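Here are a few notes to read with the model open beside you. Take them one at a time and find each spot as you go.

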Amino acid sequence: VHDIRDALDPDLGCRVLIEGRASPMEAAVEALSRKDWVGAFPLLLPLAESGDAFSQFVVGQMYRDGKGTASDFSEAARWYRLAANGGEAGAANNLAILLSNGMGVPRDEAAAIRMFERAAALGDQQARDNLARRIAAERRRPGRKSIWGVLGRLGIRWRLWREPGTARERAGPPTSSPRRP
């Protein structure tokens, strides 16, 4: 989930609840489904402040995009960090993008790689794609031939790139080049 619209469940957004009362989350989702950013923000903020990771992620999106509130990349990064710590893969990926570009936070490529890794480990395909692009760019640099060297230089744990349970994963990365007879 990398965009507010992707986070909405169409079935949840239009549900009529018993007695006509909605929980704060349902009311917020309903407002988001109507693209009522100004109405959704005050509903989501208390949920985010109480520790709801999904709400933290959406509040980060709203700060990043300036929807329902003024655009503020440093606030977006703060909310993404909280959501990522709560297990939101999309938030970890988006925080990594902010770190990589120095938007609202000091530019820190090593921290961005760690965040991309976290998001990838949580199953975020966009984070995996972002890591793959960084690996490809690094391999094009002069003098870089070994994929293990590239992964090491970028600080990427090699086990993300192997299928779980395979003999190669258990053995780890090669320590030297294979000998040729």
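1. A quick term before we start: helices here are DSSP runs of H or I with at least four residues, and they are numbered from the N terminus. With that in hand, the pattern along the sequence reads α-α-α-α-α-α-α-α-α-α-α. That gives 11 helices and zero strands. Keep in mind that you're looking at a predicted model.

2. Now the overall picture. Of the 181 residues in the protein, 38% are buried. The accessible surface is about 10300 Å², and carbon and sulfur atoms account for 52% of it. Take the contacts between residues at least 6 apart in sequence: 41% of them join residues at least 24 apart.

3. Have a look at α7, residues 89-101. This helix has 13 residues and spans 19 Å from first C-alpha to last, close to the expected 18 Å. How many of its residues are buried? The count is 11 of 13, so α7 is mostly covered, with buried meaning under 20% relative accessible area. Among them are Ala89, Asn93, Leu95 and Ser100.

4. Glu30, Arg34 and Asp36 are linked in a network of them. Arginine 34 meets glutamate 30 at 3.6 Å, N to O, and aspartate 36 at 3.5 Å. Glutamate 30 is partly exposed at 24% relative accessible area, and aspartate 36 is partly exposed at 29%.

5. One more pair to find: glutamate 75 and arginine 78 form a salt bridge, with their closest N and O atoms 3.2 Å apart. Both sit in helix α6, three residues apart, which is about one turn. Arginine 78 is partly exposed, at 39%.

Note on methods. Residues numbered from 1 in each chain as written. Predicted model: local features only at pLDDT ≥ 70, side-chain atom pairs only at ≥ 80, totals over all residues. Heavy atoms only, no water. Helix = DSSP H or I, 4+ residues; strand = E, 2+ residues; numbered from the N terminus. Expected span 1.5 Å × (residues − 1). Buried < 20%, exposed > 50% of the residue type's maximum accessible area, 1.4 Å probe, protein only. Contact = heavy atoms within 4.5 Å. Areas by Shrake-Rupley, 256 points an atom, 1.4 Å probe, with all protein chains shown as cover. Salt bridge = Lys/Arg side-chain N within 4 Å of Asp/Glu carboxyl O.
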